[in-house]
Amino acid sequence: IIYDASNGSKLWSGYCFIPKKAENEMTKNVADYVALNDGLRVIQFLSSSYRTTLPRIEIQTSNDIISKHLNGKYRVSSKILLPWYEKVCELTKGGDNVATVKVDKVETKLAKQNAMYAIKGRDSDYNYKSTMRDISTTSPPSSGGNDFSFPSFDITSSNDNVSTTEAQKEVETIAANTSWESSNGQAELSNSQSLSADKTYILRFDGGSRGNPGIAGSGMVLYDSDDGSEVWSGYQYLGDNFTNNEAEYVGLITGLQCARSLGVERIVAQGDSKLILQQVEGKWKVKAAHLRQYYDEAISMKKEFASFETCHIERARNARADELANTAMDTKQSRGFEIQ
């Protein structure tokens with residue numbers, strides 16, 4: 001969504017459906033980069049059409065990783081995200097009039113709503129024609145307003161059998177397991193069970209790496225604290241070059257994301273990794289640079305709950321989560337949640 005900063009009025013909005021064309025699903029970070037790329041292209045096109053200079057742009061995002069990428073605080077290590085990061089840099093070349101600001105999720109609620117339209121309708125809508133008169137009052141578009149070809153993905157139908165541009169093919173053919181990106185998991189329940197926001201639930205998580213670094217997977221289980229029954233479980237395959245601590249962190253993060261998506265407000269995170277739990281509680285420093293992004297994401301998720309506690313447990317009590325982590329490594333698959 002593009003807003004006029006002077007009065008807060010909405011100038012333009014759109015949404016893009018990203019088809020799944022490969023075994024590896026697109027991550028939320030890729031989708032956020034696609035949205036940013038397309039929004040910048042709208043601004044660039046309209047500026048060019050009206051023969052005006054590129055206006056001052058403030059990029060507002062609730063995605064902490066992308067915000068830190070664009071502000072130079074995180075190096076873009078993911079081969080999947082790198083081409084999209086480079087596209088954004090190309091569109092904002094110079095950078096004198098561009099700033100990136102991290103905002104709360106509530107500030108991007110309408111943009112999130114647009115993304116859900118794309119997912120549910122499996123469609124894209126770039127309603128740019130009605131916008132041109134609003135973005136500038138200078139001379140009419142040099143292109144007549146008809147030369148704007150979108151999107152980053154060439155959507156020709158509303159099903160999975162869609163044609164793709166070279167950019168999409170390039171992204172999809174790069175192995176998704178080269179670098180972990182937060183999946184923003186939405187848990188899947190096998191029944192219509194409703195979880196109480198007033199009840200405290202227990203999340204047990206575990207992670208493993210065969211080689212350390214090597215093939216890695218995470219397991220997550222959500223329990224009812226009243227009767228100890230298993231409410232939800234899932235497992236996530238990370239890839240073939242991750243450490244045990246990275247897998248542990250991913251288990252915690254994805255577990256928290258899924259619990260939150262089920263409406264859980266009060267949670268106790270239990271794991272057999274004392275390092276991860278002590279770091280999340282702020283008792284131990286995060287000395288390993290490669291764990292910093294995981295720590296940041298875990299802290300961000302921690303704040304999503306009305307009540308959050310941790311508890312270190314013995315490995316024997318974490319057998320179920322360990323079993324799921326091994327299933328992820330054995331099958332090289334993820335189950336129990338949808339990536340949004």
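**Exercise 1.** How many bridges join strand β9 to β10, and do these strands run parallel or antiparallel?

*Solution.* The model is a predicted one, in which local features need pLDDT of at least 70, side-chain atom pairs count only at pLDDT 80 or more, and totals for chains, interfaces and linings use all residues. Residues are numbered from 1 along each chain as its sequence is written, and side-chain values use heavy atoms, with hydrogens and water left out.

Strands are DSSP runs of E with at least two residues, numbered from the N terminus, and two of them pair if DSSP finds at least two bridges between them. Strand β9, residues 214-224, is joined to β10 by nine bridges, and the two run antiparallel. Within β10, Phe242 is the residue that stands opposite Gly214.

**Exercise 2.** Is Ser209 buried or exposed, and which residues is Ser209 in contact with, leaving aside its neighbours within four places in sequence?

*Solution.* Ser209 has its place in strand β8. Its relative accessibility is 17%, so Ser209 counts as buried (under 20% relative accessible area, with exposed over 50% and partly exposed in between, for a 1.4 Å probe and protein chains only). With contact taken as heavy atoms within 4.5 Å, Ser209 touches Gly214, Ile215, Ala216, Phe242, Thr243, Asn244 and Met329, its neighbours within four places in sequence being left aside. Met329 is 120 residues away along the chain, yet the C-alpha atoms of Ser209 and Met329 are separated by 8.2 Å.

Methods: Helices (H or I, at least four residues) and strands (E, at least two) are DSSP runs, numbered from the N terminus.
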